[in-house]
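Try each task before you read its solution.

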Amino acid sequence: MSDSLFADASRRLERALKYVSLSEDTIERLKYPKSSLIVSIPVRMDDGSLRIFQGYRVRYDNTRGPSKGGVRYHPGVSLDEVQSLAFWMTFKCAVLNLPFGGAKGGITLNPKELSKLELERLSRGYVDAIADFIGPDVDIPAPDVYTNPMIMGWMMDQYNIIKRQLSPAVVTGKPVTIGGSLGRDTATAMGAFFVVQTLLPKFELNPQDTTVAVQGFGNAGAEIAELLWKAGYKVVAVSDSQGGIYAKQGLDIPSIRGFKDSNKGIKAIYCEGSVCNIIEHEILTNEQLLALDVDVLVPAALENQITEANVNDVKAKFIFEVANGPIDSAADLVLETRGIHVIPDILVNAGGVTVSYFEWVQNRSGLYWTLDEVNQRLKHKMVEETEAIWKKSQELSVSMRTAAYVYGLNRLGEAMNAKGTRDYYING
């Protein structure tokens, strides 16, 4: 079998198939994306030169509704990666019972090398290239790695210009002032926090006695670290792309976030008024963070952070996947054999797409909710589906990942059966 990211992602599906009764049609349709688009995006740079960027958009499945998925700007973006992410999104939407299918998009670049004007031209050029491939009833982009509300606003505006109409529901994750939803910027972390709070008590773990390490200190990672810190968990380590810090006694996450926001780096600092003192802490790499002896590990960076090469170094008892695909399928089996509980990405980080769904609903109805309403609806969704998947894992004596895929597969299978399958036409 190919060693591509998509082939590895598909292995999770194979493991779940033995626990479900699906039509041949469903299995066959889930093997392939519905459609894939590769585009070239010409951008006039600030110095007058012309650069061509490679962009992608994959709609994996739309059986349950229009496809939904983010757009990432990253040097590692490829068709294989985008297809894998669209595959995961298909199951994520099914697991949360959202009326969406799965999609994903991306552009291959290092966004840190572009000015804000160049990023705007790139973002609008991407929409120019894919405008006929997306739409409020077809495929709805959203933010992902290195994209944000401003970029989503540019994309929506460009789509409106092309279509000569106002279509706020064409993208989610927009600024609140132009149709975005309150709570969308923290939704991924907030959803993950609700999953943590639902599951850890089942193992009689109290926050004050639970140590946590968070790999990735971007939007989702920094927010989940602070939510856990506020709830009383002892967050002992965090890291970003440059490396991380560790303090056995725990870190002051709000201070670290404030330092990073102003200095673009991480340091362990405590602040009182205008006086900040650097506390005693160790510098460590991302690899060392993954190997820390903690109760809870939260990978919140990129794919394939835990593989066969380093899986035996992992000492955490629980892993909550805030990132997409941070553990490859081979490492997954090792962790399961060692009794380490892995709570899968298709559940843990589904808060983002859930509040994107809320934003889409608000755009289409013209009625907008308060932050408290959004968070209460999100909590209800995350807790309800987490409890159902936990129950399924106990019934089948399988991992939470396999249970989540079984749960999603059953919903996808029911939707595909409703359109007619071989069994219906031959025996029906």
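**Exercise 1. Decide whether D144 is buried or exposed.**

Step 1. D144 has 18% relative accessibility, so D144 counts as buried. Buried means under 20% relative accessible area, exposed means over 50%, and partly exposed lies in between (1.4 Å probe, protein chains only).

Step 2. Know your source. This is a predicted model, where local features need pLDDT of at least 70, side-chain atom pairs count only at pLDDT 80 or more, and totals for chains, interfaces and linings use all residues. Residues are numbered from 1 along each chain as its sequence is written, and side-chain values use heavy atoms, with hydrogens and water left out.

**Exercise 2. Find the salt bridge partners of R72.**

Step 1. Apply the cut-off: a salt bridge is a side-chain nitrogen of Lys or Arg within 4 Å of a carboxyl oxygen of Asp or Glu.

Step 2. Take D144. Its closest N and O atoms with R72 are 2.6 Å apart, and the two form a salt bridge. This pair links distant parts of the chain: R72 is in strand β3, D144 is in the loop between β5 (139-143) and α5, and 72 residues separate them. Helices (H or I, at least four residues) and strands (E, at least two) are DSSP runs, numbered from the N terminus.

Step 3. Take E303. Its side chain meets that of R72 in a salt bridge of 2.7 Å, N to O. E303 sits in the loop between β12 (296-299) and β13 (318-320), so this pair ties together parts 231 residues apart in sequence.

Step 4. Check burial. R72 has 3% relative accessibility, so R72 counts as buried. Both R72 and E303 are buried.

**Exercise 3. Show how D157 connects two helices.**

Step 1. D157 forms a salt bridge with R124, with the closest N and O atoms 2.9 Å apart.

Step 2. D157 is in helix α5 and R124 is in helix α4, 33 residues apart.

Step 3. D157 is partly exposed, because its relative accessible area is 30%. R124 is buried, with 17%.

Step 4. Now look at shared partners. Such salt bridges join R72, E81, K104, D144 and E303 into one network.

**Exercise 4. State what the buried residues of α4 pack against.**

Step 1. Helix α4 covers residues 116-130. Its buried residues include L119, L122, R124 and Y126.

Step 2. The buried residues of α4 pack against β1 (35-44), β2 (50-61), β3 (67-74), β4 (101-108) and α5. Contact here means heavy atoms within 4.5 Å.

Note on methods: Expected span 1.5 Å × (residues − 1).
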